[in-house]
Amino acid sequence: MIELDAKPGCIYAANQAIGDKWTALLIYDFSQKGAMTFSQLADATPGISPRTLSQRLDAMKKSGIIEREKYNDRPVRYRYKLTKKGHDLVIVLMAMARWGERYAATDPCPHHGVAAMKSGAK
């Protein structure tokens, strides 16, 4: 038997990092495109409201999953990118995607699921 939770709360902690709606998809976008501005993230994630995007970015920044860097002073503009901790989560998301493709996906196209989740389709 595989011991999944050798330390109390490890699975809970991982779920806290990626469990909010949109967070996993935002991490996926960062992993594919690198540093992105707020506008680029909004365009890459159809269906997410600006308020929710701002909340997710703040939470990921606070958790150390992304970092924000200023690239313009007037007006002040920022880019967001994954940290080492964020890049480590990509491996978790890849494992989840493989599981989803194998057991949960009804559509044989593995990318259709990501597109459907981003558009809000069920």
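**Exercise 1. Describe helix α5 by its length and by which of its residues are buried or exposed.**

Helix α5, residues 84-104, has 21 residues and spans 29 Å from its first C-alpha to its last, close to the 30 Å expected at 1.5 Å a residue, where the expected span is 1.5 Å times one less than the number of residues. Helices here are DSSP runs of H or I with at least four residues, and strands are E runs of at least two, numbered from the N terminus. This is a predicted model, in which local features need pLDDT of at least 70 and side-chain atom pairs count only at pLDDT 80 or more, while totals for chains, interfaces and linings use all residues. Residues are numbered from 1 along each chain as its sequence is written, and side-chain values use heavy atoms, leaving out hydrogens and water.

Next, take burial, where buried means under 20% relative accessible area and exposed over 50%, with partly exposed in between (1.4 Å probe, protein chains only). The buried residues of α5 are G86, L89, V90, L93 and G100. Seen down the helix axis, these residues fall within an arc of 120 degrees, taken from the directions from the axis to the C-beta atoms, so they line one face of α5. On the other side, K84, I91, R98, W99, R102 and Y103 are exposed.
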